[in-house]
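This report looks at charged side-chain pairs and at one helix contact. Please keep the sequence and the structure in view while reading.

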Amino acid sequence: MRLTEKVHHILTNHLQEGNHAIDATAGNGYDTLFLAKQVGSSGKVTAIDIQDCAIRSTRERLDSAGLIDRVRLVREDHAIALRKLIASNQGKVAAITFNLGYLPGSDKSIQTRVESTEQALATSIQLLSPGGYLCVTAYRGHSGGAVEAETVEAFMRKSQIEGNAVDCYEPDSTNSPPILWVLNKN
Ligand SMILES: C[S@@+](CC[C@H](N)C(=O)[O-])C[C@H]1O[C@@H](n2cnc3c(N)ncnc32)[C@H](O)[C@@H]1O
């Protein structure tokens with residue numbers, strides 16, 4: 001099973017009609033579309049990306065599926081966008097997904113960065129409801145990716161010590177495979 005499918009599998013068993021879910025790296029909108037289906041017509045998804053082209057692509061995908069009404073698109077650094085959500089959403093979000101790195105087929109210099117990823121993950125914990133899931137897929141093969149993945153690992157290890165359940169998934173490969181961290185908030 002690919003890591004994206006693993007994320008969807010875990011969240012299919014968790015998300016319910018009426019939930020609020022966040023896609024912190026909307027990209028081409030595949031995860032946003034999945035989340036929008038899971039939360040149903042009374043739920044909502046906040047989809048964040050720093051690039052116009054990603055927001056456009058996500059809008060088109062959700063429009064085509066007839067689900068755009070349940071999605072709020074935010075073009076901003078996720079560290080900033082998530083912090084703005086704290087005032088009205090602290091402890092209320094059922095799931096948050098991060099698929100780090102760059103948008104395939106796009107400008108590779110626009111990629112997630114350690115500092116904002118770290119801040120965005122810390123804010124995500126505050127946004128999650130008890131029992132909520134934080135899923136973070138990190139890629140170690142591109143420049144900066146390995147350091148970012150190490151930062152995610154340190155964050156997850158610390159969160160585990162603080163009482164959250166944390167699992168890690170890695171495909172069998174010796175060639176810098178991606179890695180998925182799944183945190184279930186206590
Ligand atoms: C691997 S892609 C995400 C793929 C997406 N999950 C999908 O289903 O198509 C990573 C995305 O993160 C976005 N990104 C990079 N830095 C960001 C930041 N600081 N805040 C929000 N999005 C960022 C990129 O623009 C890119 O679209």
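## A lysine–glutamate pair

In this predicted model, the side chains of lysine 84 and glutamate 76 meet in a salt bridge, with a nitrogen-to-oxygen distance of 2.6 Å. Lysine 84 has a relative accessible area of 55%, and is therefore classed as exposed, the cut-off for that class being over 50%.

A search of the whole structure finds 5 salt bridges, among them the one between lysine 84 and glutamate 76. Side chains of opposite charge can pair when their charged atoms come close.

Lysine 158 is joined by a salt bridge to glutamate 162, and their closest N and O atoms are 3.4 Å apart. With a relative accessibility of 52%, lysine 158 counts as exposed.

## The contact of H2 with H3

Helix H2 (residues 30-39) packs with helix H3 (residues 52-64) at an angle of about 40 degrees, their axes being 9 Å apart, and the crossing of the two helices is right-handed. On the H2 side, Tyr30, Thr32, Leu33 and Ala36 take part, meeting Thr58, Arg61 and Leu62 in H3. Sorted by class, the residues of this contact comprise 4 nonpolar, 2 polar and 1 charged.

Notes:
Residues numbered from 1 in each chain as written. Predicted model: local features only at pLDDT ≥ 70, side-chain atom pairs only at ≥ 80, totals over all residues. Heavy atoms only, no water. Axes fitted to C-alpha atoms, helices over the stretch in contact; angles between N-to-C directions. Helix = DSSP H or I, 4+ residues; strand = E, 2+ residues; numbered from the N terminus. Left-handed = near helix turned anticlockwise from the far one by under 90°. Contact = heavy atoms within 4.5 Å. Nonpolar A, V, L, I, M, F, W, Y, C, P; charged D, E, K, R; others polar. Salt bridge = Lys/Arg side-chain N within 4 Å of Asp/Glu carboxyl O. Buried < 20%, exposed > 50% of the residue type's maximum accessible area, 1.4 Å probe, protein only.
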